[in-house]
Amino acid sequence: MPRIMEITNVTEFEEIAKEKLPKMIYDYYASGAEDQWSLKENRNAFSRILFRPRILVDVSEIDLTTTVLGFKISMPIMVAPTAMQKMAHPEGEYATARASAAAGTIMTLSSWATSSVEEVASTGPGIRFFQLYVYKDRNIVIQLVRRAERAGFKAIALTVDTPRLGRREADIKNRFTLPSHLTLKNFESLNLGNLDKTNDSGLAAYVAGQVDRSLNWKDVKWLQTITSLPILVKGVLTAEDTRIAIQSGAAGIIVSNHGARQLDYVPATIMALEEVVKAAQGRIPVFLDGGVRRGTDVFKALALGASGVFIGRPVVFSLAADGEAGVRKALQILRDEFELTMALSGCRSLKEITRDHVMTEWDHPRVAPRL
């Protein structure tokens, strides 16, 4: 416990998680695809964006609140879907749900959670989204979406970058599979809750067998015929796909490269963000996940046009380190850092964060206006 008390930033949770978790499980959470270039770039790209802080602004009061799809939350920092959280801690998704609710923010539950939508709903009040993989058997999808609706989930985050699973070499080496005492709880009653042991990655084999590779834009429209919940399209990296997502009725976009676990050598999400924001033209909100480890990262994303960010690995690692208390601490650290960044940049509310507060390598040289 003393080490937990000494943690001053969310990256430090990872070291504790690495010590506590079996190698197969730590590697599953930590690794990216192939050369892991995009995994490193998701972090490194943030370091190339610099601030243009404004001074002598009265920042004695700062408001971090925002609204996402009509739901008021305490800060623009939300919890991304991460699979199989009971591998990290026995409380798994229960702990994450309670910590997210306590922080006044949104939790997104993975399709491949080790707790069901009903179980997560039973933890108490909170705004929750449901991340959806589309299975070959569409009746499974219909059942799952209806269950999420009945359990009080408020939106569907449709993952669109996984027609096949990315090549995660650590999982292949470790022959990754779900520990025998756990199942993918949402699929348990359908006899699809277990991953088989293979000579490769058990998850890759499962995806090849179950997830629909034919998923396309027509299916985004189909999804709207089976649910009234708003649909966020998760996994957009280009202006072209942004425009089609809007035409297809998406309620929002999550700029995501799946934590750099799918196609390696895609840009960092923070690098792709502005292209997507410009294409969206304010018609729907754009969110970002990938590489966010500091409050400064949150500010940079908002300055480049994001309406909020989702965090994945910091949640799993803080969960592994100290359960619900760990996740609460991680969310509080990011909140505190973000609030400090706002104060030191001269911003009292989210709407005061503008593109002029950051410099990027693709900006034209600035000519100071005459005062």
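**View 1. Strand β6 pairs with strand β7 in a predicted model.** Four bridges link β6 to β7 (residues 155–159), and the two strands run parallel. L132 has L158 of β7 as its bridge partner. Strands pair if DSSP finds at least two bridges between them; strands (E, at least two residues) and helices (H or I, at least four) are DSSP runs, numbered from the N terminus. The model is predicted, so local features need pLDDT of at least 70 and side-chain atom pairs count only at pLDDT 80 or more, while totals for chains, interfaces and linings use all residues. Residues are numbered from 1 along each chain as its sequence is written, and side-chain values use heavy atoms, with hydrogens and water left out.

**View 2. Strand β5 pairs with β6.** Three bridges join β5 (residues 107–109) to β6, again in parallel. L109 lies opposite F130 of β6.

**View 3. Both faces of β6 are covered.** R128, F130 and L132 on one side are buried, as are F129 and Q131 on the other. Buried means under 20% relative accessible area (1.4 Å probe, protein chains only). Because five of the five residues of β6 (residues 128–132) are buried, the strand is largely enclosed by the rest of the structure.

**View 4. Helix α7 packs against helix α10.** The axes of α7 (residues 138–150) and α10 (residues 217–226) are 10 Å apart, at an angle of about 50°. Axes are lines fitted to C-alpha atoms over the stretch in contact, and angles run from 0 to 180 degrees between N-to-C directions. The contact (heavy atoms within 4.5 Å) includes V141, I142 and V145 of α7 and W222, L223 and I226 of α10.

Note on methods. Buried means under 20% relative accessible area, exposed over 50%, partly exposed in between (1.4 Å probe, protein chains only). A crossover is right-handed if, with the strands pointing away from the viewer, the path from the first strand over the helix to the second runs clockwise.
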